[in-house]
Amino acid sequence: MEKACAVLLAAGDGKRMKSEKPKVLCEVLFQPMIAWVAKALAGAGIENCCAVLGAGYEQVRGVLPAHYSVAMQHERKGTGHAVMMAEDYIKNGDFRDVAVLCGDAPLIASGDISAAYDQHKTEKNAVTVLTAKVSNPTGYGRIVRTDGKVSAIVEQADADEATVLIDEINAGAYWFNAEFLLEALKGMGTSNVQGEYYLTDTVATAIKLGRPSGAYTSHPDAALGANDRRSLAILNEIARKKVIDRLLDNGVDIPFAGQVVVGPSVEIGADTIILPGCILKGETVVGNGCEIGPNTQLTDAAIGDGCKVVSSFVEASRVDDGVSIGPMSNIRPGCHLGPDVKIGDFVEVKSSNIGAKTSIAHLSYIGDSDVGTRCNFGCGIVTVNYDGNTKHRTTIGDGVFVGCNSNLIAPVVLGDGVYCGAGTTVTKDVPAWALVVGRSRQTVREDWNKSGAKFKKGNG
Ligand code: UD1
Ligand code: CA
């Protein structure tokens, strides 16, 4: 029997963050801290997980994988008390080993969780604590060793002068033998400066019971928690640099790497250049040989090869090879831009399909539209999709020419090859290959403004 589970401690409030929301929802690279830990657990192959949640639990539940169990901790009485809330989960699951992790230490790696587990099993430990050597141990529990073996974890608040100087700290992550953990929780007290149930007391308990305990030295980042906004900003910077390094190693060109932010799940192909001021996040994928930026934000965007996106936004949309967007355009959710589409400056596109090689180059709004291939939109085209109550679609065939400053009032269909004169307001469907012009005729009154009679300034 080798059944393992994880208990994820996440009942902390956002007091030190000065936030209304639970601390574990504070974000590192646009992802809640607890989602990072959940991802690390998944990467280590640990599927049985129980999160201990407190105030604001509905919000936290929403970012956890659906298969997670939840235990509630209504009163915050310390990390040991939090694990007590998961006692039933541990008992009922008949687990042999239990990992305990903190939801506010997002940079723990799957590799460290797995390697610590291997060591825990090899050494047949009652408890294996993940530790790290850090340059500034302030605020963390200190690892006290006797004859090289871990003998206790002492919290900052309880530490004497000598203990405060120890630079090996408790990462807040552990592997426990389940049966030992349940026993240790039973005897746990609150005789410490903070009057809390300390999970860290389990190390001393193991020694008292003559059970083997051990320490696994993890990457120093594993220990980095965020209790306040300053430490959150530091975590963001560490995570940001890691992602940038991975991309550089993959052949992405980021000449001013300090000015680019890329989320952990983003994939970018080789020979793509990312210029300063870009934020790429969510599940964004960018192909090879693209030019992104400066000042571009891509969110859950799928960008093909050889695209150019300059000073623009693209969200939850698919952009095929060879597309050019911007400067200053906004591709909102639900768009598919076909190969070699050109979206120029100050163009907003929403919930629309734009066919290959179509050009919408200037100052336009295209919403809820299906546009064919090889169309040309002049400057200032508006699909009038909203009548004040309902959104309607505009359908445009292949090879359609739409002259400048035209309004297409949806629902409306323009067939293939339609030629729409400039300044037209299209209100009814137009059959294929027709010319449509809908504007008042031009009138000219000769000499009406003779010698600037009606416009004196214009007369010099
Ligand atoms: C804890 C450790 C410390 C370690 C540090 C690593 C203890 C006593 N101390 O200190 O040795 O170096 O983590 O980051 O364990 N939580 C609950 N319910 C509670 C209290 C805490 O769910 O009643 C959760 C928090 O949401 C957080 C985690 O447990 O995710 C750690 O709690 P926190 O108060 O941040 O502990 P630290 O003081 O950082
Ligand atoms: Ca903490």
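**Ligand 1**

I began with Lys-23 and ligand 1. A polar side-chain atom of Lys-23 lies 3.3 Å from an oxygen atom of the ligand. I keep in mind that this is a predicted model.

Next I looked for backbone atoms beside ligand 1. At Ala-11, a backbone N or O atom lies 2.8 Å from an oxygen atom of ligand 1. At Gly-103, a backbone N or O atom lies 3.4 Å from an oxygen atom of ligand 1. I then checked how far the protein covers the ligand. Taken alone, ligand 1 exposes 750 Å², and the protein buries 93% of that.

Where does ligand 1 sit? I found ligand 1 in the largest pocket.

I counted the surroundings too. There are 24 residues around ligand 1. Those that come nearest are Ala-11, Gln-73, Thr-79, Glu-155 and Asn-170.

Which elements each supply at least two residues of the shell around ligand 1? I noted strand 1 (4-10), helix 3 (79-84) and strand 10 (168-177). Strand 10 gives the largest share of that shell, with three residues.

**Helix 1**

I went on to helix 1, residues 33-43. Eight of its 11 residues are buried, so helix 1 is largely enclosed by the rest of the structure. I listed the buried ones. They are Met-33, Ile-34, Ala-35, Trp-36, Val-37, Ala-38, Ala-40 and Leu-41.

I reminded myself of the helix geometry here. An α-helix has 3.6 residues a turn, so residues three or four places apart point the same way.

I also looked at what comes after the helix. Gly-45 follows helix 1, and its phi is positive, near 80°.

**Asn-385**

Is Asn-385 buried or exposed? Asn-385 counts as buried because its relative accessibility is 7%, and the cut-off for buried is under 20%. I located Asn-385 in the loop between strand 31 (382-384) and strand 32 (394-396).

Which side chain does the side chain of Asn-385 meet in a polar contact? I found the side chain of Tyr-365, at 3.2 Å.

I then listed its contacts, leaving aside neighbours within four places in sequence. Asn-385 touches Lys-350, Tyr-365, Gly-367, Asp-368, Thr-390, Lys-391, His-392 and Ala-410.

**Backbone checks**

I turned to the backbone angles. Most residues other than glycine have a negative phi, and most peptide bonds are trans. I noted entries that go against this.

Two concern cis peptide bonds. One joins Gly-293 and Pro-294, with omega about 5°. Pro-294 lies in the loop between strand 17 (291-292) and strand 18 (297-299). Another cis bond joins Gly-326 and Pro-327, also with omega about 5°. I found Pro-327 in the loop between strand 23 (324-325) and strand 24 (330-331).

Two concern phi. Asp-271 is not a glycine, yet its phi is positive, about 65°. I placed Asp-271 in the loop between strand 13 (267-268) and strand 14 (273-274). Asp-271 is exposed, with a relative accessible area of 65%.

Asp-300 also has a positive phi, near 50°, and is a residue other than glycine. I placed Asp-300 in the loop between strand 18 and strand 19 (302-303). How exposed is Asp-300? Asp-300 counts as partly exposed because its relative accessibility is 38%.

Methods:
Residues are numbered from 1 along each chain as its sequence is written. Chains are lettered from A and ligands numbered from 1 in the order in which they are written. This is a predicted model: local features need pLDDT of at least 70, side-chain atom pairs count only at pLDDT 80 or more; totals for chains, interfaces and linings use all residues. Side-chain values use heavy atoms; hydrogens and water are left out. Helices (H or I, at least four residues) and strands (E, at least two) are DSSP runs, numbered from the N terminus. Buried means under 20% relative accessible area, exposed over 50%, partly exposed in between (1.4 Å probe, protein chains only). A polar contact is a pair of N or O atoms within 3.5 Å; within protein, one must be able to donate a hydrogen and the other to accept it, and residues adjacent in sequence count only if both atoms are side-chain atoms. Contact means heavy atoms within 4.5 Å. A residue is near a molecule or strand if one of its heavy atoms lies within 4 Å of it. Accessible areas come from the Shrake-Rupley method with a 1.4 Å probe; for residues, only the protein chains shown count as cover. On a 1 Å grid over the protein atoms alone, a cavity is a set of points where a 1.4 Å probe fits but cannot get out, and a pocket is an open set with protein on both sides within 12 Å along at least five of seven lines; lining residues have an atom within 4 Å of a point. A molecule sits in a cavity or pocket if more than half of its atoms lie within 2 Å of its grid points.
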